[in-house]
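Hi,

Here is the model I promised to pass on. Have a look at it first, and my notes come after.

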Amino acid sequence: VAGTLEAIRDRLDDALAFWLGDAVPPVHRAVAVSGWRRDPDDRFCRRCGESVGAGEAAAIEGLGDAGGCAGCRGRPAIADGVVRLGCYRGHLREWIRRIKYRDRWTEMAAHLGAELGHAIDAARVAARGRSIIVPMPMPWTRRLYRGIDHARVIADGAASVLHAPVLRVLSRSGGPTQAGLSRSTRLRFRSRGMVVRRRPGGWQLGGLDIVLVDDVLTTGASMRAAVRALRGVADGRILAAVLAVADPPSRHARADSESPGRAVPTPDRGLPSLPGRVG
Ligand SMILES: [Zn+2]
């Protein structure tokens, strides 16, 4: 009977979508139909967030310069640790694009934010009761244009699971986006317009762990700039928590060869320059 009711409900959803021009399916249904699940801890590097093979995970010794995966060892760490839901491809990529660009899909952003909260909790990287959630800032001009501050909605979702406050510690002045800038120009924009509020809402940041939340980690440049800015006011750990990490293409090949039956690979790197594809 339950199955029949579900089938009827789905038919009604489809009919309503047809008549009302509903752009997005209910989140619970989209997730259930996809079969998507967040990555287990041993599928990504805790230091850089990129995908690792099952054998490689055991070799990541710690988050310092001597630790990390083959891709990040010896390179400066982005933050004091990275937590992610998955790599930027398949269903997760499609949902994030619909959150940001097409549909302003707030419900999905909140749902994936809560998933991220569970992932952070499971990773035990941020101290319970001594952590704050900080959304990655977006220039107000882009917020106006997009109509959704997706990092804020994701942060709220994570906070609902972690019972931690969301504080806008960072803001960002409007400026040129990364797309279209030469490498030398990009380097000159290292601070990326990050502005720190030293006592947001009257909070003292000393002694608190900071969970910096964003949707996608691509080059890591914006995340690094944010972490640098936060180091000036916070002495606790700073964790980067993102819905997805855009792996370099070589990683895709490895992840696919080691786990048959995963999502069909989609070309992530050859995207046309979408607005706001900032690392
Ligand atoms: Zn790594």
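This is a predicted model: local features need pLDDT of at least 70, side-chain atom pairs count only at pLDDT 80 or more; totals for chains, interfaces and linings use all residues.

Residues are numbered from 1 along each chain as its sequence is written, and side-chain values use heavy atoms, leaving out hydrogens and water.

Zinc first. The ion has C45, C48, C69 and C72 as its protein donors, each through SG, at 2.3 Å (donors being N, O and S atoms within 2.8 Å of the metal, or 3.2 Å for Na, K and Ca). Their spacing in sequence is C-x2-C-x20-C-x2-C. The angles subtended by the 4 donor atoms run from 104 to 113°, so the arrangement is tetrahedral (all angles between 85 and 135 degrees).

Now the helices (DSSP runs of H or I, at least four residues). α4 (residues 90-102) packs on α5 (residues 106-123) at about 130°, with the axes 8 Å apart. In contact (heavy atoms within 4.5 Å) are L92, W95 and I99 of α4 with M108, A109 and L112 of α5. By class, that contact has 6 nonpolar, no polar and no charged residues.

α5 also packs against α7 (residues 150-162), at about 45° with axes 6 Å apart, which makes this pair oblique too. On the α5 side the contact includes A109, G113 and G117, and on the α7 side G157 and A158 are among the residues. The tally here is 10 nonpolar, 5 polar and 1 charged.

Cheers

Terms used. Axes are lines fitted to C-alpha atoms, for helices over the stretch in contact, and angles run from 0 to 180 degrees between N-to-C directions. Helices (H or I, at least four residues) and strands (E, at least two) are DSSP runs, numbered from the N terminus. Ala, Val, Leu, Ile, Met, Phe, Trp, Tyr, Cys and Pro count as nonpolar, Asp, Glu, Lys and Arg as charged, and the others, Gly among them, as polar. Four donors count as tetrahedral if all angles lie between 85 and 135 degrees; four count as square planar and six as octahedral if opposite donors are over 155 degrees apart and all others between 65 and 115; anything else is irregular. Angles under 35 degrees count as roughly parallel, over 145 as roughly antiparallel, 65 to 115 as roughly perpendicular and the rest as oblique.
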